[in-house]
Amino acid sequence: AGGLCIAQSIKIPREPRPGEFAKVIGRLMETSTARGVVLFANEDDIRRVLEAATLANLSGHFSWVGSDSWGSKMAPVQGLEDAAHGAITILPKRASVPGFDEYFTSRSLENNRRNLWFHEFWEDDFNCRL
């Protein structure tokens, strides 16, 4: 409705092989009019995508939208500033909720019937079956 479309979705393998990031950049270039890339990945993969863009002489070609994995850190972009230039990163506001830790740690099966997911948490946390 707003003139925005998703041209493609590319998944980075959990254990990428050599050359995988060059393939990612190549796939991005298949849609020549697509310039915005939403990149939610870990720090190492972000760095390797930016390196691949640099090696392909595409620094400044893409407009990156990134996750908190690189929004508040220097390591993923250090030395690759030209490739990352203009990126928008999202860093959710983080704040403690007063009293939450005390409330949550005081929950048990007896006093927490309201939360339907709690028994699953309990089984996982205490490695048991109810």
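Where does N127 lie? Select N127: this residue lies in the segment after helix 6 (118-126). Helices (H or I, at least four residues) and strands (E, at least two) are DSSP runs, numbered from the N terminus.

Before going on, note that this is a predicted model, in which local features need pLDDT of at least 70 and side-chain atom pairs count only at pLDDT 80 or more, while totals for chains, interfaces and linings use all residues. Residues are numbered from 1 along each chain as its sequence is written, and side-chain values use heavy atoms, with hydrogens and water left out.

N127 is exposed, with a relative accessible area of 74%. Buried means under 20% relative accessible area, exposed over 50%, and partly exposed in between (1.4 Å probe, protein chains only).

Now select N57, in the loop between helix 2 and strand 2. N57 is not a glycine either, yet has a positive phi of about 60 degrees. With a relative accessible area of 69%, N57 is exposed.

**Helix 2**

Step back to residues 43-55, which form helix 2. At 1.5 Å a residue, these 13 residues should span 18 Å, and the end C-alpha atoms are 18 Å apart, which agrees. The expected span is 1.5 Å times one less than the number of residues.

Colour D45, I46, V49, L50, A52 and A53, the buried residues of helix 2. They cover an arc of only 155 degrees around the axis, which puts them on the same side of helix 2. The arc is that of the directions from the helix axis to the C-beta atoms. Turn to the other side of helix 2 and find D44 and L55, which are exposed.

What covers the buried residues of helix 2? Show helix 1 (20-30), strand 1 (36-39), strand 2 (63-66), helix 3 (68-71) and helix 4 (81-84), which are included in the cover.

At the start of helix 2, select N42 and D44: a side-chain oxygen of N42 reaches to within 3.1 Å of the backbone nitrogen of D44.

**Helix 1**

Next, select E20, F21, V24, I25 and L28, which are buried in helix 1. Their arc around the axis is only 145 degrees, which puts them on the same side of helix 1. A22, K23 and E30 are exposed on the other side. The cover over the buried residues of helix 1 includes strand 1, helix 2 and strand 2.

**The core**

Select I25, L50, F62, W64 and W70. Of the 20 residues in the largest nonpolar core, these touch the most other members. A nonpolar core is a set of buried Ala, Val, Leu, Ile, Met, Phe, Trp, Tyr and Cys residues joined through side-chain atoms within 4.5 Å. Helix 1, strand 1, helix 2 and helix 4 are the elements that give two or more residues to this core. Helix 2 provides the largest share, five residues.

Centre the view on W64. Leaving aside neighbours within four places in sequence, its contacts (heavy atoms within 4.5 Å) include I25, V37, L39, V49, L50, A53 and W70.

Finally, show the three strands of the open sheet, which has the order 1-2-3 and parallel pairing. Two strands pair if DSSP finds at least two bridges between them. Strand 1 and strand 3 (88-89) are the edge strands, each pairing on one side only. Four bridges join strand 1 to strand 2. Select G36 to end the tour: this residue stands opposite S63 in strand 2.

How values were computed: Polar contact = N/O pair within 3.5 Å; in protein donor to acceptor, adjacent residues only side chain to side chain.
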